[in-house]
Amino acid sequence: MLNYLIKRTLLLFPVLLGVSIVVFLSLRLAPGDPARQILGPLARPEKVEQLRKELGLDKPIVLQYGIWIWRVLHGDLGQSIANRAPTLLLIKERIAKTLELTFAAFLITLTVSFCTGIISAVFQYSIFDVLASVSALFWLSMPSFWLGLMFILLIAIRIPGLPISGWGGHFWTWEGFLHLILPALTLGLPQAGTFTRIIRSSMLETLHQDYIMTARSKGLAEYQVILKHALRNALIPVITLIGLQLPWLFGGSVIVETVYSWPGMGRLLTTAIFERDYPLVQSIALIYTLIVVIANYSVDIAYSVVDPRIRVD
Amino acid sequence: MSFTIWKRTFSRNRLAMFGAVIVMGFILLAIVGPWIAPYDPVKPDYQSLLMPPSAQHLMGTDQLGRDVFSRVLCGARFAFLIGLGVVILEGIIGVSLGILAGYFGGAIDNVLMRVVDIMLSIPAMVLAIVIAGSFGGGLLPLIITMVIISWAHFARLMRGQALAERERVYIEAARAIGASHERIILRHVLPNTISLAIVFSTLEIPWAILFSASLSFIGVGIQPPTPEWGNIIASGRDYLTTAWWIATFPGLVLMLVVLGFNFLGDGLRDALDPKLARNR
């Protein structure tokens, strides 16, 4: 176990190095001078030259990366151009709201998909199963930005007291909770489609194993067989899927935040990209990626606890 | 499995046939859409602003008086071009890199798989917004962006396939009689693994369509006034309460197309892989 922990932890470093390089390069792919893009075509050349110096764009790209990563490691993510404030400060104000939204959405995803997936598998080919399988496909085909608009149009506008957009306070307050419901459903339900399918097929596979028959033949109650013997083993591919879906969850939150004007990091990212506030864009992308990498790391550790076989490889 | 059995499994799956019909309808619309559109999709008509759906304007008109139905019809071509273009390009890159890594193994495999891990651990939507946003929008930047974030999907899939194929006895036999690596890859590994890549494509195309529409909705993809489903929906967002039809209909069409591809892809996978089909 300790061996696996150390190995997995050491593996973090090349991944962190890699993602930081990709994040750094992602803003340099577009042709043209970033300083010129920030200031616009009408800016005077001296101004552009000054900004180039300020952002360190006059140095070779490898050195630029080195300086950037050195500062990041010391907790300095740079200054936002549009807001004239440290980017880390701006992100700090937003990060909790993004996490609040994604956690709530993920909770919805798991609750819905576990209930439907397990019932579907236990009553395979029943009406419930057929309907659940079709609607899982239906939900995962849903454009989340459109779903959000439809929720506003069909639900939020019709129910007095239900807010249309924005953040209303922490989720444990009534106002905050009301503001959270629709964005969380918009983000969580399409994901539930994917999860339901995996949970169903994984449950079906374990339900056909011999040890399930053994459990039944020794007279265990059906709920014990399903929840204790089948579900625990069926969880393994689900945990893999969680790791794979985390980047999608956070990516999807950017869209949902835009639809509901949710003041999280995603909203900050989209405004920053239109203002060409590149230091801020770079910092946000880095923070998003760090969250996902660390979350993935935790999922892998959890995985090794659930499934001892993993530690051996 | 013989083709007749394959076909029978496939047509027995009604949902897959339903999906196939939607997909064929979509492809047809992508080809003839702009010609059969009853109105100009771009030219404003200030005589008919924000008109609700009627016999003249099946899906109503938008804030500039343009016929939403015509715009949706023309948008089909973009969705199709992006979906197909992205999947072909990412397929070529991903399949070749994946097969090379899986077949040769060793250092190439190690390096490539680490890069794939890195690409898959960055939230694709965030990376795409950054790249497409710094390009400033447009069809070509959008396609480039989507290929950059998605080639790893194919690479990972094909690497696993090539790895398994390499261990087969006939590959060893081919090596023994002196076939070159190039010949083995092109004549044996590729033909034996490509069917999976094709099935995967039918699930990757709807992803590309959905993803690109999301980017256009955010405003970093295809820019208005060009009719693209994502940006039509974005323009309807400001008129949600007064003119619900602008955002509703393009989204409905988008969802239907994605659903069609997913039904089709599911059916194809069941038909090609009976092991998977048993459980579904």
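This is a predicted model: local features need pLDDT of at least 70, side-chain atom pairs count only at pLDDT 80 or more; totals for chains, interfaces and linings use all residues.
Q: What makes up chain B, helices or strands?
A: Chain B has 11 helices and zero strands. From the N terminus on, the order is α-α-α-α-α-α-α-α-α-α-α. The C-alpha trace of chain B spans about 75 × 45 × 30 Å along its principal axes.

Q: Why is Phe200(B) called buried?
A: Buried takes 20 or more other C-beta atoms within 10 Å of a residue's own; 12 or fewer is exposed, in between is partly exposed, and C-beta atoms are placed from the backbone. Phe200(B) has 21 within 10 Å, so it counts as buried. Its place is in helix H8 (residues 181-218) of chain B. Phe200(B) touches Phe154(B) and Leu157(B), leaving aside residues up to four places away in sequence. From Phe200(B) to Gly91(B) is 109 residues in sequence, but 9.6 Å in space, C-alpha to C-alpha. Of the 280 residues of chain B, 50% count as buried.

Q: Why is helix H7 of chain B said to lie largely in the open?
A: H7 has eight residues (169-176), and the number buried is zero, so the helix lies largely in the open. Just after H7(B), Gly178(B) takes a positive phi of about 95°.

Q: What makes up the side of chain B that touches chain A?
A: On the two sides, 41 residues of chain B are in contact with 41 residues of chain A. H5(B) gives the most to the side of chain B, with 10 residues. That side divides into 27 nonpolar, nine polar and five charged residues. Ala, Val, Leu, Ile, Met, Phe, Trp, Tyr, Cys and Pro count as nonpolar, Asp, Glu, Lys and Arg as charged, and the others, Gly among them, as polar.

Q: Which residues have the most contacts inside the largest nonpolar core?
A: They are Leu269(A), Ile284(A), Val126(B), Ala128(B) and Ile129(B), in a core of 151 residues. A nonpolar core is a set of buried Ala, Val, Leu, Ile, Met, Phe, Trp, Tyr and Cys residues joined through C-beta atoms within 7 Å. Ile129(B) touches residues of chain A, including Val254(A) and Leu269(A), and residues of chain B, including Leu215(B) and Ile218(B), not counting residues up to four places away in sequence.

Q: What divides chain A into domains, and how many residues of domain 1 are in contact with domain 2?
A: The bounds, 2-73 for domain 1 and 94-306 for domain 2, come from an automatic or database domain assignment. Here 15 residues of domain 1 are in contact with 12 residues of domain 2. H1(A) supplies the largest share of the domain 1 side, 10 residues. That side divides into 11 nonpolar, three polar and one charged.

Notes
Residues are numbered from 1 along each chain as its sequence is written. Chains are lettered from A and ligands numbered from 1 in the order in which they are written. Helices (H or I, at least four residues) and strands (E, at least two) are DSSP runs, numbered from the N terminus. Two residues are in contact if their C-beta atoms, placed from the backbone, lie within 7 Å.
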